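Dear colleague,

I am passing on a structure that I have been going through, and I would be glad if you looked at it alongside these notes. The sequence and the model come first, and my reading of them comes after.

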Amino acid sequence: MKEFETIYFEYYDMVFRYVFSLCKEETWAEEITQEAFFKALKNINSFRGECKLSVWLCQIAKNIFYKEAKKRKRQVDYPLEIIQDANDIKQKIYNKDETLEIHKLLHKLKEPYKEVFWMRTFGELSFKDIGLIFGKSESWARVTYHRAKMKIKEEIPCDIHVN
(Lines give C-alpha, C1' and ligand atoms only; values in the text may rest on other atoms or scores of the structure.)
Protein backbone atom coordinates (compact mmCIF):
# COMPACT_ATOMS: atom_id res chain seq x y z
CA MET A 1 0.00 0.00 0.00
CA LYS A 2 2.88 2.37 0.79
CA GLU A 3 4.27 1.75 -2.69
CA PHE A 4 0.92 2.61 -4.24
CA GLU A 5 0.78 5.87 -2.29
CA THR A 6 4.16 6.72 -3.81
CA ILE A 7 2.77 5.95 -7.27
CA TYR A 8 -0.30 8.07 -6.53
CA PHE A 9 1.70 11.13 -5.49
CA GLU A 10 4.18 10.72 -8.32
CA TYR A 11 1.64 10.32 -11.14
CA TYR A 12 -1.57 12.01 -9.96
CA ASP A 13 -0.86 15.43 -11.53
CA MET A 14 0.21 13.93 -14.84
CA VAL A 15 -2.89 11.69 -15.09
CA PHE A 16 -5.13 14.58 -14.03
CA ARG A 17 -3.68 16.89 -16.70
CA TYR A 18 -4.15 14.18 -19.32
CA VAL A 19 -7.78 13.61 -18.33
CA PHE A 20 -8.43 17.35 -18.15
CA SER A 21 -7.16 17.66 -21.71
CA LEU A 22 -9.81 15.13 -22.72
CA CYS A 23 -12.84 16.44 -20.84
CA LYS A 24 -12.02 20.14 -20.26
CA GLU A 25 -13.87 20.08 -16.91
CA GLU A 26 -11.82 20.25 -13.73
CA THR A 27 -14.32 18.48 -11.48
CA TRP A 28 -14.99 15.74 -13.97
CA ALA A 29 -11.26 15.30 -14.58
CA GLU A 30 -10.67 14.94 -10.84
CA GLU A 31 -13.42 12.31 -10.56
CA ILE A 32 -12.04 10.31 -13.47
CA THR A 33 -8.49 10.56 -12.13
CA GLN A 34 -9.62 9.35 -8.72
CA GLU A 35 -11.50 6.44 -10.24
CA ALA A 36 -8.50 5.57 -12.41
CA PHE A 37 -6.23 5.33 -9.39
CA PHE A 38 -8.84 3.30 -7.53
CA LYS A 39 -9.05 0.84 -10.45
CA ALA A 40 -5.27 0.77 -10.74
CA LEU A 41 -4.98 -0.10 -7.06
CA LYS A 42 -7.50 -2.93 -7.44
CA ASN A 43 -5.68 -4.25 -10.51
CA ILE A 44 -2.04 -3.46 -9.73
CA ASN A 45 -1.17 -7.15 -9.96
CA SER A 46 -2.27 -7.18 -13.60
CA PHE A 47 0.34 -4.56 -14.53
CA ARG A 48 2.93 -6.58 -16.46
CA GLY A 49 5.44 -3.83 -17.11
CA GLU A 50 5.09 -4.00 -20.89
CA CYS A 51 4.68 -0.24 -20.92
CA LYS A 52 5.50 2.61 -18.59
CA LEU A 53 3.38 2.80 -15.46
CA SER A 54 2.28 6.31 -16.47
CA VAL A 55 1.00 4.98 -19.80
CA TRP A 56 -0.95 2.22 -18.03
CA LEU A 57 -2.52 4.74 -15.63
CA CYS A 58 -3.47 7.09 -18.48
CA GLN A 59 -4.97 4.20 -20.42
CA ILE A 60 -7.17 3.31 -17.45
CA ALA A 61 -8.20 6.96 -17.12
CA LYS A 62 -8.91 7.24 -20.85
CA ASN A 63 -11.14 4.15 -20.76
CA ILE A 64 -13.07 5.57 -17.82
CA PHE A 65 -13.45 8.90 -19.61
CA TYR A 66 -14.84 7.34 -22.79
CA LYS A 67 -17.21 5.11 -20.82
CA GLU A 68 -18.51 8.09 -18.81
CA ALA A 69 -18.75 10.33 -21.87
CA LYS A 70 -20.80 7.71 -23.66
CA LYS A 71 -23.03 7.29 -20.60
CA ARG A 72 -23.61 11.05 -20.34
CA LYS A 73 -24.59 11.31 -24.00
CA ARG A 74 -27.13 8.50 -23.58
CA GLN A 75 -28.94 10.38 -20.84
CA VAL A 76 -30.92 12.50 -23.25
CA ASP A 77 -33.68 13.14 -20.72
CA TYR A 78 -31.15 14.42 -18.15
CA PRO A 79 -29.44 17.59 -19.37
CA LEU A 80 -25.77 18.02 -18.58
CA GLU A 81 -26.71 21.05 -16.48
CA ILE A 82 -27.97 18.71 -13.75
CA ILE A 83 -25.83 18.90 -10.61
CA GLN A 84 -22.27 18.38 -11.77
CA ASP A 85 -20.29 18.73 -8.55
CA ALA A 86 -20.42 19.62 -4.88
CA ASN A 87 -20.09 23.35 -5.56
CA ASP A 88 -23.27 23.16 -7.62
CA ILE A 89 -24.97 21.28 -4.78
CA LYS A 90 -23.90 24.01 -2.35
CA GLN A 91 -25.46 26.59 -4.67
CA LYS A 92 -28.69 24.60 -4.74
CA ILE A 93 -28.80 24.47 -0.93
CA TYR A 94 -29.42 28.23 -0.99
CA ASN A 95 -32.45 27.83 -3.20
CA LYS A 96 -35.29 27.35 -0.66
CA ASP A 97 -37.48 25.41 -3.08
CA GLU A 98 -34.86 22.70 -3.50
CA THR A 99 -33.21 22.71 -0.07
CA LEU A 100 -35.49 20.12 1.48
CA GLU A 101 -35.03 17.70 -1.42
CA ILE A 102 -31.24 17.95 -1.29
CA HIS A 103 -31.21 17.48 2.48
CA LYS A 104 -33.40 14.40 2.18
CA LEU A 105 -30.91 12.90 -0.26
CA LEU A 106 -27.97 13.73 2.00
CA HIS A 107 -29.77 12.25 4.99
CA LYS A 108 -30.25 8.94 3.14
CA LEU A 109 -26.52 8.52 2.52
CA LYS A 110 -24.88 5.81 4.58
CA GLU A 111 -21.73 6.34 6.57
CA PRO A 112 -18.94 7.12 5.86
CA TYR A 113 -20.27 8.69 2.65
CA LYS A 114 -22.53 11.15 4.43
CA GLU A 115 -19.85 12.38 6.83
CA VAL A 116 -17.11 12.59 4.19
CA PHE A 117 -19.42 14.51 1.86
CA TRP A 118 -20.39 16.95 4.61
CA MET A 119 -16.77 17.44 5.71
CA ARG A 120 -15.65 18.20 2.17
CA THR A 121 -18.63 20.23 0.97
CA PHE A 122 -19.69 22.17 4.02
CA GLY A 123 -16.66 21.85 6.28
CA GLU A 124 -14.37 22.57 3.32
CA LEU A 125 -11.79 20.14 4.67
CA SER A 126 -9.02 18.85 2.43
CA PHE A 127 -8.99 15.20 1.41
CA LYS A 128 -5.82 14.82 3.43
CA ASP A 129 -7.54 16.13 6.58
CA ILE A 130 -10.59 13.93 6.02
CA GLY A 131 -8.32 10.91 5.62
CA LEU A 132 -6.53 11.79 8.86
CA ILE A 133 -9.83 12.12 10.74
CA PHE A 134 -10.89 8.64 9.63
CA GLY A 135 -7.42 7.15 10.04
CA LYS A 136 -7.32 6.47 6.31
CA SER A 137 -5.39 7.79 3.33
CA GLU A 138 -6.06 10.88 1.24
CA SER A 139 -6.89 8.54 -1.64
CA TRP A 140 -9.54 6.82 0.47
CA ALA A 141 -11.10 10.21 1.25
CA ARG A 142 -11.13 11.17 -2.44
CA VAL A 143 -12.74 7.90 -3.51
CA THR A 144 -15.31 7.99 -0.69
CA TYR A 145 -16.25 11.58 -1.53
CA HIS A 146 -16.55 10.73 -5.22
CA ARG A 147 -18.82 7.77 -4.44
CA ALA A 148 -20.98 9.92 -2.16
CA LYS A 149 -21.36 12.48 -4.96
CA MET A 150 -22.29 9.78 -7.43
CA LYS A 151 -24.93 8.39 -5.05
CA ILE A 152 -26.46 11.86 -4.68
CA LYS A 153 -26.39 12.48 -8.42
CA GLU A 154 -28.15 9.14 -9.07
CA GLU A 155 -31.00 10.11 -6.76
CA ILE A 156 -31.39 13.79 -7.60
CA PRO A 157 -34.75 14.62 -9.20
CA CYS A 158 -34.49 15.56 -12.86
CA ASP A 159 -36.27 18.86 -12.21
CA ILE A 160 -33.35 20.19 -10.14
CA HIS A 161 -31.09 22.00 -12.57
CA VAL A 162 -28.08 24.24 -12.28
CA ASN A 163 -28.86 27.71 -13.58
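This is a predicted model: local features need pLDDT of at least 70, side-chain atom pairs count only at pLDDT 80 or more; totals for chains, interfaces and linings use all residues.

Residues are numbered from 1 along each chain as its sequence is written, and side-chain values use heavy atoms, with hydrogens and water left out.

The protein has 8 helices and 0 strands, where helices (H or I, at least four residues) and strands (E, at least two) are DSSP runs numbered from the N terminus. Along the sequence the pattern accordingly reads α-α-α-α-α-α-α-α. Of the 163 residues, 41% are buried, a term used here for under 20% relative accessible area, with exposed meaning over 50% and partly exposed what lies in between (1.4 Å probe, protein chains only). Among contacts with a separation of 6 or more, 66% are between residues 24 or more positions apart, contact being heavy atoms within 4.5 Å.

Turning to the packing, two packed helices are described by the angle between their axes and the distance between the axes. The axes here are lines fitted to C-alpha atoms, for helices over the stretch in contact, and the angles run from 0 to 180 degrees between N-to-C directions. Helix α1 (residues 2-23) and α2 have axes that come within 8 Å and cross at roughly 140 degrees, and the two are therefore oblique to each other; the classes are roughly parallel under 35 degrees, roughly antiparallel over 145, roughly perpendicular from 65 to 115, and oblique for the rest.

The contact is made by Glu 115, Val 116, Met 119 and Arg 120 of α6 with Phe 127, Ile 130, Ile 133 and Phe 134 of α7.

The structure holds 12 aromatic pairs, where rings of Phe, Tyr and Trp (its six-membered ring) pair if their centres lie within 6.5 Å, and planes under 30 degrees apart count as stacked, over 60 as edge-to-face and the rest as tilted. The ring centres of Trp 28 and Phe 65 are 5.4 Å apart with planes at 50 degrees, so this pair is tilted. It links distant parts of the chain, since Trp 28 is in helix α2 (residues 26-42) and Phe 65 in helix α3 (residues 53-74), 37 residues apart. Trp 28 is buried at a relative accessible area of 9%, and Phe 65 is buried at 8%. Ring pairs also link Tyr 8, Phe 9, Tyr 12, Phe 16, Phe 20 and Phe 37 into a cluster.

Two charged side chains sit over rings, which requires NZ of Lys or CZ of Arg within 6 Å of the ring centre and within 35 degrees of the ring normal. Arg 147 lies over the face of Phe 38, 4.3 Å from the ring centre, and the charged end of Lys 151 sits over Tyr 113, 4.9 Å from the centre of its ring.Some individual residues also deserve a mention. Trp 140, in helix α8 (residues 138-155), is partly exposed with a relative accessible area of 22%, and Trp 140 touches Pro 112, Val 116 and Phe 134, not counting residues up to four places away in sequence. Pro 112 itself is in the loop between α5 (96-108) and α6, and the peptide bond from Glu 111 to Pro 112 is cis, with omega near 5 degrees. Lys 24, in the loop between α1 and α2, has a positive phi near 60 degrees although it is not a glycine, and Lys 24 is exposed, with a relative accessible area of 59%.
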